[in-house]
Amino acid sequence: MAFHSPTIHADLDSLRSEITGSLALPGEPGYELSTPWNVAVPVRPLAVVEVHDARDVASTVRYAARAGVRVAVGRTGHGAVPIEDDVLFVHTGRLNSCVVDAEARTARLGAGVIWQDVVDAAAPHGLAPLCGSSTAVGVVGFLTGAGIGPLVRTFGLSSDHVRAFELVTGEGDILRVSADQHAELFWGLRGGKSTLGIVTSVEIDLMQLSHFYGGALYFDGSDAAAVAHAWLDLCADLPEHTSTSMALLQLPSLPQVPPPLAGRFTVAIRFASVAGPNEAEALLTPIRGVATPVVDAVGMLPYSAIGAVHADPVDPMPSHEFSCLTGELTHGAIDELLTVAGPESGSPQTVVEVRLLGGALAREPRHRSAFCHRDAAFTLFTAGVPLPVQRAIEAGVAPVVSHAGRVEQAMSPWSTGRSLPNFASSADPKRIARMYDEDTAHWLSALAEEHDPAGVLRVGPVVRDVGGASSDRGVIM
Ligand SMILES: Cc1cc2nc3c(=O)[nH]c(=O)nc-3n(C[C@H](O)[C@H](O)[C@H](O)COP(=O)(O)OP(=O)(O)OC[C@H]3O[C@@H](n4cnc5c(N)ncnc54)[C@H](O)[C@@H]3O)c2cc1C
């Protein structure tokens with residue numbers, strides 16, 4: 001490809017000298033920053049730009065427009081999408097400022113901050129950020145995908161608690177974006193992923209929360225049916241102070257997996273509640289009554305242990321993911337799920353998870369956003385290791401891939417046909433289209449045209465080219 005020519009590399013030296021951060025070509029120190037957490041995804045950019053501030057991002061975007069290349073952004077690679085060698089990869093890891101204002105109960109975070117940093121900075125003040133299940137995920141990737149955390153039914157989407165962003169647009173403009181400034185971008189950044197630009201910092205609300213009642217009960221696979229049906233009963237009329245999910249797990253025999261869970265089929269009931277311990281514990285009594293857990297890790301926990309609820313893997317791994325939203329699930333739906341993914345199914349998935357939505361998530365926040373699925377009852381997610389990684393991904397025939405298709409088929413009577421922007425990242429326009437309703441996709445596309453007419457940011461999970469998009473269609477909000 002022309003981009004490997006000495007000319008483009010010499011030309012990249014001009015960008016290298018313009019920025020205060022660093023630029024790494026393949027083989028140079030710093031290029032390895034593009035290696036994603038999900039190592040199954042091929043990420044091979046033209047160069048990696050480790051930015052030091054918003055001006056570096058603006059310089060990169062403007063350079064890309066001149067050179068006819070595109071720009072992608074990322075931090076941890078938990079939501080990695082394939083990146084080719086006509087793309088400059090902006091890595092935000094050095095934008096790591098994390099400032100908590102305990103009195104205002106807010107935090108101002110550089111785009112390179114991961115959730116555990118914020119959890120740790122807020123905890124001494126008895127405050128908590130609304131992070132996701134894994135605290136190793138980047139705050140901005142999570143928030144631009146709306147953000148469904150372990151306490152989502154109590155506090156709503158994490159992005160409903162964003163106050164402002166600093167944004168670099170596809171034209172290289174540096175904007176402060178809030179409900180009062182560039183309100184249409186504020187609407188679109190909360191759910192629209194990187195469609196509207198590269199976020200360099202974000203201001204969020206912190207919750208007054210030092211502890212919660214929660215964790216997970218793990219049961220043997222032989223109890224899967226009894227536990228799963230009891231869990232569905234728990235979900236009916238569950239008070240908003242409590243959130244829950246169920247996961248069918250086949251965790252590998254690795255040193256980092258606790259022995260009672262390693263190398264066998266288990267079922268986890270995850271639970272997180274801000275109710276008092278007695279009230280919260282009583283909700284779990286029926287589930288504890290149908291089987292004896294092999295691990296009972298539920299109790300009062302400091303918020304700094306919020307990652308223990310899901311106990312997501314920390315180390316990089318290859319992963320193939322599928323996700324869809326559903327309406328209300330019936331006991332028949334649970335039977336179907338167990339048939340296709342239960343202990344007797346031969347499922348190759350490491351995790352098949354169902355999270356209960358609803359509660360505060362179902363209500364529109366004061367400032368509306370590009371998140372479209374407040375009426376969904378559950379989100380279903382599968383993740384498995386596609387082996388042999390490269391060949392399987394390219395051929396699309398790994399057992400986890402075809403099995404995810406079978407799960408999708410089995411759950412189709414209950415599926416809404418939609419999915420969340422954050423789960424199962426994709427650059428495939430058909431998959432991205434499932435994440436938005438028609439009107440929202442139109443508006444995101446129109447705003448992207450307006451702020452990135454050259455299409456510099458047209459890479460990864462972005463909404464573009466939706467039916468004659470133009471921002472003179474009326475009002476968004
Ligand atoms: C183990 C695991 C657990 C997870 N748990 C949850 C969960 O509980 N709830 C939930 O909602 N999601 C969850 N996710 C999904 C996760 O929130 C998304 O994959 C998110 O995009 C990760 O962001 P990142 O920056 O860490 O990843 P990256 O792969 O580095 O970034 C992914 C995408 O985020 C966008 N992005 C990143 N940085 C910026 C920026 N500075 N400006 C604009 N866009 C940006 C880009 O579109 C980028 O392609 C989980 C993912 C994993 C792998």
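Helices (H or I, at least four residues) and strands (E, at least two) are DSSP runs, numbered from the N terminus. This is a predicted model: local features need pLDDT of at least 70, side-chain atom pairs count only at pLDDT 80 or more, and totals for chains, interfaces and linings use all residues. Residues are numbered from 1 along each chain as its sequence is written, and side-chain values use heavy atoms, with hydrogens and water left out.

**View 1. His241 sits in the loop between α7 and β13 (242-251).** Buried means under 20% relative accessible area, exposed over 50%, and partly exposed in between (1.4 Å probe, protein chains only). His241 counts as buried because its relative accessibility is 18%. Its side chain makes a polar contact with the side chain of Glu279, at 3.0 Å. A polar contact is a pair of N or O atoms within 3.5 Å; within protein, one must be able to donate a hydrogen and the other to accept it, and residues adjacent in sequence count only if both atoms are side-chain atoms. Contact in general means heavy atoms within 4.5 Å. Leaving aside neighbours within four places in sequence, the contacts of His241 include Thr154, Ala272 and Leu283.

**View 2. Helix α7 (residues 224-235) packs with helix α9 (residues 331-341).** The angle is about 145°, and the axes are 10 Å apart. Axes are lines fitted to C-alpha atoms, for helices over the stretch in contact, and angles run from 0 to 180 degrees between N-to-C directions. From α7, the residues that meet α9 include Ala228 and Leu232; their partners in α9 include Ile334 and Leu338. The contact divides into six nonpolar, two polar and two charged residues. Here Ala, Val, Leu, Ile, Met, Phe, Trp, Tyr, Cys and Pro count as nonpolar, Asp, Glu, Lys and Arg as charged, and the others, Gly among them, as polar.

**View 3. The ligand is surrounded by 31 residues.** A residue is near a molecule if one of its heavy atoms lies within 4 Å of it. The closest are Arg75, Thr76, Ile148, Lys193 and Ser194. A backbone N or O atom of Ile148 lies 2.7 Å from a ligand nitrogen.

**View 4. Thr379 lies in strand β18 (residues 378-384).** Thr379 counts as buried, because its relative accessibility is 1%. Beyond its neighbours within four places in sequence, Thr379 contacts residues including Ser323, Val354 and Leu420.
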